[in-house]
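Please brief me on this protein model.

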Amino acid sequence: MSEKLERFREYLNQMEQYKQIMAQLEWDMQTQTPKKGYDYKIDAITYFSGERFRIATSEETGKLFEEMEAPEEYEALDDAMKLTVRRGKRDYDRNKRVPADFYEEMVRASNVSGKAWEEAKQKSDYGLFCPHLQKMIDYTRRYVAYMEPDKEVYDTLLDMYEEGMDSAVIDRLFLQMKEELVPLFRKIMEKPEPDNGCFAGDYDINRQKELQAYLLSYIGFDKEAGVTGESEHPFTMEFGPGDVRVTNHFDRHDAVNAMFSAIHEGGHAIFEQGINPAYVKTAAVDIGMAVHESQSRFYENILGRNINFWKPVYDKVGEYLPQFRDIPLDTFYREINHVRPSFIRTAADELTYCFHIILRYELEKAIFRDGVNAEELPGLWNDKMEELLGIRPQNDAEGILQDMHWSDGSFGYFPTYLLGTIFDGMFLETMEQELGSVDTLLSDGRIGEITGWLHEKIHKHGGMRTAAETIREVCGQEMTAEPIIRYFKKKYTAIYGL
Ligand code: ZN
């Protein structure tokens, strides 16, 4: 190893140690920290992230990147290190263009905004949040303009969550979805609703946790490389491929929701656990959010909402939660695919979920392209809700205040959820060409073969490829929404007898 490469690796190791400690603090805060301890924890996280940022933007670090970019060093690197140098240099340059005092101001404003959002949501009073949201829009605009002065603001935002993604691609895909799926949804709405009265009940939380552990193992989550915890909102956090943690939120009165959250987060975790261990401490462990969501949503929806997934395990569900012994599998299947208009994204079924994302995407474009301001947003939100789902929120808590993403400036994140679903349609078709019917694999309990395929084609590559490259290499074609539209049509035609 050259002396320069050695220095660079030392730097990467240092960054990794900061990442570890911050992940530890974050995990602790989300799962363990008592309410009165929050401020201490936030202090610590702020301290370490500040230190990390300071090192990452120092002159010394800039020199390291320059050295590594020189052809005699760069050409000798393996692919993961080349990526690390390329992305690292890009981020270094971007961060250097952001004035430090502006950055601090923005971080502080986003903390204040997050608190204002919480209160506004509790009181269902958008007025409390509106000025903060406007500030976050303005800060975001400036922040991105510093980082990429020559690029369009919203496209830069999209690119930050999924490299290479832009609104031209998303426009094409989402329009296709809207044109085909809105009429499908309307047809379903003409059909009678399934009766879900039998799901009401009291489900022991410990038994739900045992069922979660069973389901996670069943889909391929490696318990020796991960643990489970509890938090207000389920999430996945990785400390490295040997330590990937998932959380869930349990409700005594609803066991189904937690089952699907477990499978969703399990999908994220299996991806992280499957990354080639040689990529540790390189940029190749940073996976784009759309590809990440494609995996969690593949497990949750494509597999988990398929009746065949449950055939080998439904008896087990009844063992853990005896109430399910009296619910026929078919009734369960209808309920987990119960399409209905609802206000809250996170509670939406697989089909209407798409509309919730399209709505947010269109509003983000309106903000950053058309200059729509925060005051106009609730009205626009409600109009779009009516246009897509035929319902109008009665208050802001069930409308524009429901998600936290915008409160801290995470604009451009929402589309990744639906892109993930669109990719899933493509992965499913390719998988069936190569492995045969997924229905058969699932009903035979051969889910390991599915996970094995995903591992080979996607998981082990981690973040080495962009979404477009992944799709091209796995499916041999460009991104298209047609497969997922075919999937939805076939599925709901059968369930609802359309
Ligand atoms: Zn997710």
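In helix 8 (residues 153–161), the buried residues are Val153, Tyr154, Asp155, Thr156, Leu157, Leu158, Asp159 and Tyr161. Buried means under 20% relative accessible area, exposed over 50%, and partly exposed in between, with a 1.4 Å probe and protein chains only. Because 8 of its 9 residues are buried, helix 8 is largely enclosed by the rest of the structure.

This is a predicted model: local features need pLDDT of at least 70, side-chain atom pairs count only at pLDDT 80 or more, and totals for chains, interfaces and linings use all residues. Residues are numbered from 1 along each chain as its sequence is written, and side-chain values use heavy atoms, with hydrogens and water left out.

**Helix 8 and its neighbours**

- Helices (H or I, at least four residues) and strands (E, at least two) are DSSP runs, numbered from the N terminus.
- The buried residues of helix 8 pack against helix 5 (79–96), helix 7 (126–147) and helix 9 (167–189).
- They also pack against helix 12 (289–303), helix 16 and helix 18.

**Arg360 in helix 16**

- Helix 16 spans residues 350–370 and holds Arg360.
- Arg360 has a relative accessible area of 0%, so it counts as buried.
- Leaving out residues up to four places away in sequence, Arg360 touches Arg345, Trp381, Gln402, Asp403, Trp406 and Phe414. Contact here means heavy atoms within 4.5 Å.

- Strand 3 (residues 244–248) is largely enclosed by the rest of the structure, because 5 of its 5 residues are buried.
- Val244, Val246 and Asn248 point one way from strand 3, while Arg245 and Thr247 point the other way.
- In a regular strand, side chains alternate between the two faces of the sheet.
- Two strands pair if DSSP finds at least two bridges between them.
- Thr228 has Val246 as its bridge partner in strand 3.
- Strand 2 (residues 236–238) pairs with strand 3 in the antiparallel sense, over 3 bridges.
- Met237 has Arg245 as its bridge partner in strand 3.
- Strands 2 and 3 form a hairpin with 5 residues between them. Gly240, in the turn, has a positive phi of about 145°.

**Zinc site**

- Which protein atoms are the donors of the zinc ion? They are His264 (NE2), His268 (NE2) and Glu293 (OE), lying 2.1 to 2.2 Å from the ion.
- Donors are N, O and S atoms within 2.8 Å of the metal (3.2 Å for Na, K and Ca); water is not among the atoms, so sites may look incomplete.
- Along the chain, the donors follow the spacing H-x3-H-x24-E.
- His264 and His268 both lie in helix 11 (residues 255–274). They are 4 residues apart, about one turn of the helix.
- An α-helix has 3.6 residues a turn, so residues three or four places apart point the same way.
- His264 counts as buried because its relative accessibility is 12%. His268 counts as buried because its relative accessibility is 7%.

**Cavities**

- On a 1 Å grid over the protein atoms alone, a cavity is a set of points where a 1.4 Å probe fits but cannot get out, and a pocket is an open set with protein on both sides within 12 Å along at least five of seven lines; lining residues have an atom within 4 Å of a point.
- Grid points are joined across faces, edges and corners, and a volume is the space filled by probe spheres set on the points.
- The count comes to 3 cavities of 30 Å³ or more.
- The largest cavity holds about 60 Å³ of space. Its lining includes Trp381, Asp403, Trp406 and Phe414, which are also among the residues that Arg360 touches.
- The second largest cavity holds about 50 Å³. Its lining includes Asn248, Phe250 and Met259.
- Helix 10 (205–219) gives the most to that lining, with 4 residues.

**Second largest pocket**

- The second largest pocket has a volume of about 470 Å³.
- Of the 20 residues that line this pocket, the closest to its centre are Asn306, Leu428, Asp439, Tyr487 and Lys490.
- Helix 22 (482–496) is one of the elements that give two or more residues to the lining. Helix 22 gives the most, with 7 residues.
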